[in-house]
Amino acid sequence: MSEHISNVTFHDRVDDALRNQILHTALDRATGRFQSLRANALAELQDADVVRDRARLIRAHTLSKLDTYLEQFVANVEKAGGHVHFARDANALNEIVNEIARTRNVRGVVKGKSMISEETHLNHALEAEHIRVVETDLGEYIVQLAGETPSHIVAPAIHKTKEEIGELFHQKINIPYTDDPALMTAAARHVLRREFLDADMGISGVNFGVAETGSICLVENEGNGRLTTTAPRIHVALMGIERLVPNLDDLSVMLQVLARSSTGQKITVYTNLITGPRQDDEGDGPDELHVILLDNGRSKVLATEVAEILYCIRCGACLNACPVYREIGGHAYGSVYTGPVGAVLTPALEGIAPWSDLPHASSLCGACRQVCPVRIDIPRMLLVERDWATRAGKLQWWLRLGLRMYSFTVTRPTLFKLATTAGRWGSRLVGASSGGWIRSLPPPLNGWTQSRDFPAFAQKSFSEQFEASRKK
Amino acid sequence: MNQRQTDAPHSKARIIVYQIQKSRDTLFFMNANAPRRIQLFATCLIETLRPQAGMAVVNVLEKLGVEVEYPRGQTCCGQPAFNGGAWDDARAMARYTLDVLSKSDAPILVPSGSCADMIVHHYPEILAADAKYGPLAQEIAARTYEFSQFLVDVLGVSDLGAQLDRRITYHPSCHLLRGLKITRQPAALLENLQGGEVVPLPHADECCGFGGLFAIKMADISSAMLDRKLNAIESTQAQTVVGCDVSCLLHIGGGLHRRGDKIETKHLAELLVERTRA
Amino acid sequence: MRDDKTLVLSQIRESLRTAHLPAARALVPPRAAIAQGDRAQLIENFRRELEPLGGSSYLARNDEQAIAVVLQILGQGDGREVLTWADEDIPVRGLGAALSLNNYARLDVNLPADAEGRKRKLAELASAAAGITGAMAGFADTASVALGTSATRSRLASLLPPTHIAILRTSDLFPDMACFFAANPHVTRDASNLVFVTGPSRTADIELTLQRGVHGPKFVHVVLVD
């Protein structure tokens, strides 16, 4: 499970993020570019809305028969010569990987991008067994060298500027300082190529499992995914139990929206369809394929009001569109999955109590819902989880009390009138008349007046003005 | 989400039989079958903080020969509690408001995108399990309209003969834009303003950072978002920011005032009654 | 304690009894038939799409032209070692002979079964200058080539060297991936690894600045043989 550092609150992390000018520059450049790439890519797609509707339907349908499709998938992976393991939680998954590594004398592991491995903190678990783990996606590699965690589902190092990365490479892989992305990329290729050739095990994520064929589909641009699943003698693929599609035709629909929503490409450079390990007569490829299906709370989320979040295909479009994400970046969320989808998914998987701030970290502007390729109604689910937070006693006492009093007042018109009058007097007391502004409000409302004035109460309410106009 | 209700008025609007309506000294083309009576749900913010926006709405409607009912006892739609996660309180306010609005059979006009969205989409949702109020919420939702939507889609009016004497810019509030999907209606009304200039707002569809209690609970993030919006507004050199949500306008207005900007904020209705061309 | 598979599947079944999954239907309706484009159009689309991705395409009217193109591309580099698919998997007759005639050595890509031998072999192969493969199909709308493995079609030829030359018959062009799957429903049964390659390897992980040739080939050439 995610590390929840109890003495650092969500608000502390937000404070740090908002003050970090470098972070701001990096986020501005990146999210803005992502958004325009996505918009162009979808504009080029004929019937984009029809394809999105279909993609949503496929996800909904698959989940409604998830048990059936899982069994079909498992049978077909095994028929192709692969091994399938189920992991109920993060520890179980890590233990399975460690067990495979132990019994097969694995010393070095190369990894492709996998959010599942972030979710289970697999690297720590492997390193505890003295196994060397190297991230091979360039962004993940940068993040690993820096001793950090990814801040974006698709672009893990989105929070770093090229100058920071140049300094990091200089210190960690001993190359002369440069801020030229071309030189840094070449250096990473050189260093990582040796790791690929020397690794015993490759660990990858999975974008989709195809139930009808037992294939796993892995999309990527760099080729590190191909190398991870080709060079080492053992390939371990990690996937969430929800990430299935029924057949290849459905897969082609999902692929039509995934890259477009994610990076604005029509399709990624490499779309890998892996069906079992290398066959007996094949010259290369892994000798063994292990597919590990992680539950870790997903099967229970299926029964909740936010089950729809399991439709997510991890494209990252909601992060790029989110005005909150753009201000604070991924790390401030404190969770493995960040941005709007993370704010819904994290409390759903791990419980609302430790994560009650996340559903509140949204102005409910709906930009995420608008860009989601499978049309997940993220704002609605944030609202549902806010209700969970309240029920778990996690709404601040003053808000709880305030809203209760407010509700009591507005359902009693006389009291409401009285409160309006009180507000009017209050405004006058602080010297603000109709149309005027109040410069500072007392706690807990002072958050408002830290950056903006508050409008004074009208000296004549609308209902009074309306009644008066009737008498004329 | 109940998509049907959002779409209904649009589809109805496709077949409009126009008639010429003479009101005071102006002629309007209007839908001959449009209702001539509405109930105004003014919203708590207009009641307490921005009554002139409400009066402007009344003026526009009466000018078009639409009788305005003001259901007594109306207060707040309950959105603050709903967004705050206090759903039991929100349900109490929803039931209360439904009682207030169900006394008349006239269509309901709400001069706020987010309050209209609350009634149209969220009432049916939070009261779905309520045997009495669930169906009532559906019924009320089906006859609830946002201000610009009512003018353009129901009345069939997009030109009120209003005149503009300055540079304005339009901020499409989020729940209007993405909740109710209302875009062309305010656009049509703005297009028909004569004189002045309507300048496009850069990154118009980005949230101003209001979000109700979000502005207080997450004040730092909200302030950062507001900063971007204010910068965008300043870049247009507009004298007035127009919108269909008093909430966002007060938020933006408070920010502009804090910055010492002279730019004013106005509800679309206020602009429409300001000046009539000869 | 129940094993994890039983536990997870039974929890899913229990959840599904009450699950609310918006838009879920019993069936996903079949897609409308997709029109097949005409050959010339497919070729044009394929080439137009590949260019902005940084890949190169060539249209060869016959085998001799194709071989000339391949030799010309190889001639641009210094290396003499290449990784290739078997002759029968490359749709150009005489390529093998032409390669030996021009002193190119085709490395054997069979990885030995023992772990250390495998690593040594991989290190050897890593120095190859180019990889030459056929392609079972091309997708015109994205400029992708479909490469499926077999005993004689290796993964590494299109992966390890900095240059990848794919030779594709124009009769194997499809409008898009969906058409390809429709025509080859059992394609994943025949190839344990099927990859659709769309242009050169790339990354944008440093400030979203596009870089080509990260881990896979930096240069991708598709020779279309008509």
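## Domains of chain B

Domain bounds, as used here, come from an automatic or database domain assignment, and the model to which they are applied is a predicted one. In chain B this assignment gives domain 1, covering 6–155, and domain 2, covering 167–274. The C-alpha centres of these two domains of chain B lie 21 Å apart.

Where the two domains of chain B touch, 31 residues of domain 1 are in contact with 24 residues of domain 2. On the domain 1 side of chain B, at least two residues each are supplied by α2, α3, α4, α6 (113–126) and α8 (147–155). Sorted by class, that side of domain 1 of chain B has 14 nonpolar, 13 polar and four charged residues.

## Confidence in chain B

The mean pLDDT of chain B is 91, and 90% of its residues reach 70 or more. Residues 1–14 of chain B, however, have a pLDDT below 50, and in the model this stretch has 19 contacts beyond near neighbours in sequence.

Two helices of chain A, α3 (residues 48–64) and α12 (residues 248–262), pack with their axes 9 Å apart and at an angle of about 125 degrees. That angle makes α3(A) oblique to α12(A), and the crossing in which α3(A) passes α12(A) is left-handed. From α3(A), the residues A:Val51, A:Arg52, A:Arg54, A:Ala55 and A:Ile58 take part, and they meet A:Asp250, A:Val253, A:Met254, A:Gln256 and A:Val257 of α12(A). By class, this contact of α3(A) with α12(A) has six nonpolar, one polar and three charged residues.

## Where the chains meet

How many residues does the contact take from chain B, and how many from chain A? Chain B gives 55 residues to the contact, while chain A gives 52 residues. Several helices of chain B each supply at least two residues of the side that touches chain A, among them α3 (51–63), α5 (87–101) and α13 (246–259). The largest share of this side of chain B comes from α12(B), with eight residues.

In terms of residue class, the side of chain B that touches chain A has 31 nonpolar, 17 polar and seven charged residues.

Note on methods
Residues are numbered from 1 along each chain as its sequence is written. Chains are lettered from A and ligands numbered from 1 in the order in which they are written. This is a predicted model: local features need pLDDT of at least 70, side-chain atom pairs count only at pLDDT 80 or more; totals for chains, interfaces and linings use all residues. pLDDT is the predictor's confidence in each residue, from 0 to 100. Two residues are in contact if their C-beta atoms, placed from the backbone, lie within 7 Å. Axes are lines fitted to C-alpha atoms, for helices over the stretch in contact, and angles run from 0 to 180 degrees between N-to-C directions. Helices (H or I, at least four residues) and strands (E, at least two) are DSSP runs, numbered from the N terminus. Angles under 35 degrees count as roughly parallel, over 145 as roughly antiparallel, 65 to 115 as roughly perpendicular and the rest as oblique. A crossing is left-handed if the near helix is turned anticlockwise from the far one by less than a right angle, and right-handed if clockwise. Ala, Val, Leu, Ile, Met, Phe, Trp, Tyr, Cys and Pro count as nonpolar, Asp, Glu, Lys and Arg as charged, and the others, Gly among them, as polar.
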